[in-house]
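Colleague: I would like a close look at one part of this model. Please keep it brisk.

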Amino acid sequence: MNRIFKLALCAGVATLVSTAAMAAGMTVGFSQIGSESGWRAAETSVTKQEAEKRGITLKFADAQQKQENQIKAIRGFIAQGVDAILVAPVVATGWEEVLGEAKEAEIPVVLLDRGVEAPQDLYLTSVASDQVKEGRVAGEWLVKTVGDKPCKVVELQGTVGSTPAINRKKGFEEAISGHSNITIARSQTGDFTRAKGKEVMEGFLKAENGGKDICAMYAHNDDMAVGGIQAIKDAGLKPGKDILVVSIDAVPDIFAAMAAGEANATVELTPNMAGPAFDALEAFKKDGKQPEKFIITESKLYTPADNPQGEYEARKGLGY
Ligand code: AHR
């Protein structure tokens with residue numbers, strides 16, 4: 001081994017050791033929204049696994065869907081003097097004060113999977129998907145699938161005031177605008193849960209001639225779609241055939257529904273937001289490297305042509 005190679009190797013090992021040591025020493029507070037969906041459960045599991053893998057001590061707080069609990073948890077993390085804070089903000093507004101307190105305490109905050117309406121200097125970075133694009137991908141799929149046939153859509157929205165609900169609605173509407181044969185007949189929140197999705201869809205079916213007038217159900221997440229699929233079946237119709245089903249997340253249960261011919265399309269949202277978040281935090285802690293303000297994850301469309309049974313098998317043990 002020549003001397004230069006040996007030196008480079010030593011430097012590389014030293015860097016690895018010091019980065020690992022730095023990560024191993026880090027204590028990170030994570031304010032999670034709750035456990036409203038399969039996707040959320042997977043994000044929680046992946047975050048815990050990523051922290052363990054890197055030797056990071058993770059302090060986990062479940063807010064049970066309440067912003068006030070998230071604010072309390074963040075204040076608690078600040079009082080404990082954690083090295084960084086991850087927060088998945090349940091709604092977009094109302095964060096300025098508490099994020100300002102974290103900034104004042106010089107604790108970097110990373111937003112996970114949802115955005116906030118607050119000045120960008122109040123957080124280090126945001127790791128999330130392009131949610132407008134997710135809605136657009138879902139809408140473009142519908143436009144292509146129905147062609148010029150008339151199509152009445154019912155929409156199950158996510159949590160009111162959350163960025164995925166706002167943006168996925170916007171992206172879908174953008175995609176169908178200019179296609180006057182496609183209209184959103186009804187739109188209501190199902191709060192990203194399976195139970196609410198089912199309940200709201202039952203109401204839509206009753207209001208739309210027992211469902212006979214509905215051409216497609218667009219759900220802002222797969223869990224609401226799965227609840228809606230059950231409602232369609234209970235009404236004596238065939239989901240995926242009588243009523244097209246398009247949603248977002250790509251959780252195992254939607255692939256099971258797709259394999260059974262009961263769902264038609266989903267847009268993938270990776271549950272691994274913590275990987276890029278910890279990478280950014282480690283680089284920032286090590287040498288002050290400022291990450292990109294927005295780290296955007298992919299939004300891939302899946303349909304029955306993408307081996308849904310295989311996708312179900314590959315994902316089912318991942319914490320969903
Ligand atoms: O913020 C991401 C969304 O939150 C997911 O699409 C949904 O399933 C959830 O609970």
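Which domains does the domain assignment of the chain give? And what lies around the ligand?

Modeller: This is a predicted model, where local features need pLDDT of at least 70, side-chain atom pairs count only at pLDDT 80 or more, and totals for chains, interfaces and linings use all residues. Residues are numbered from 1 along each chain as its sequence is written.

The assignment gives domain 1 (3–129 + 271–297) and domain 2 (131–269 + 304–315). Such bounds come from an automatic or database domain assignment. The domain centres, taken over C-alpha atoms, are 31 Å apart. The contact takes 11 residues from domain 1 and 18 residues from domain 2. Two residues are in contact if their C-beta atoms, placed from the backbone, lie within 7 Å. On the side of domain 1 that touches domain 2, the residues divide into 4 nonpolar, 5 polar and 2 charged. Ala, Val, Leu, Ile, Met, Phe, Trp, Tyr, Cys and Pro count as nonpolar, Asp, Glu, Lys and Arg as charged, and the others, Gly among them, as polar.

Now the ligand. Both domain 1 and domain 2 give residues to the shell around the ligand, so the ligand lies between them. There are 13 residues around the ligand. A residue is near a molecule if its C-beta atom, placed from the backbone, lies within 6 Å of it. Ser-37, Trp-39, Asp-113, Phe-192 and Asn-221 come nearest. By class, the shell has 5 nonpolar, 2 polar and 6 charged residues. Helix H2 (38–54) and strand S9 (244–249) each supply at least two of the shell residues. Helices (H or I, at least four residues) and strands (E, at least two) are DSSP runs, numbered from the N terminus.
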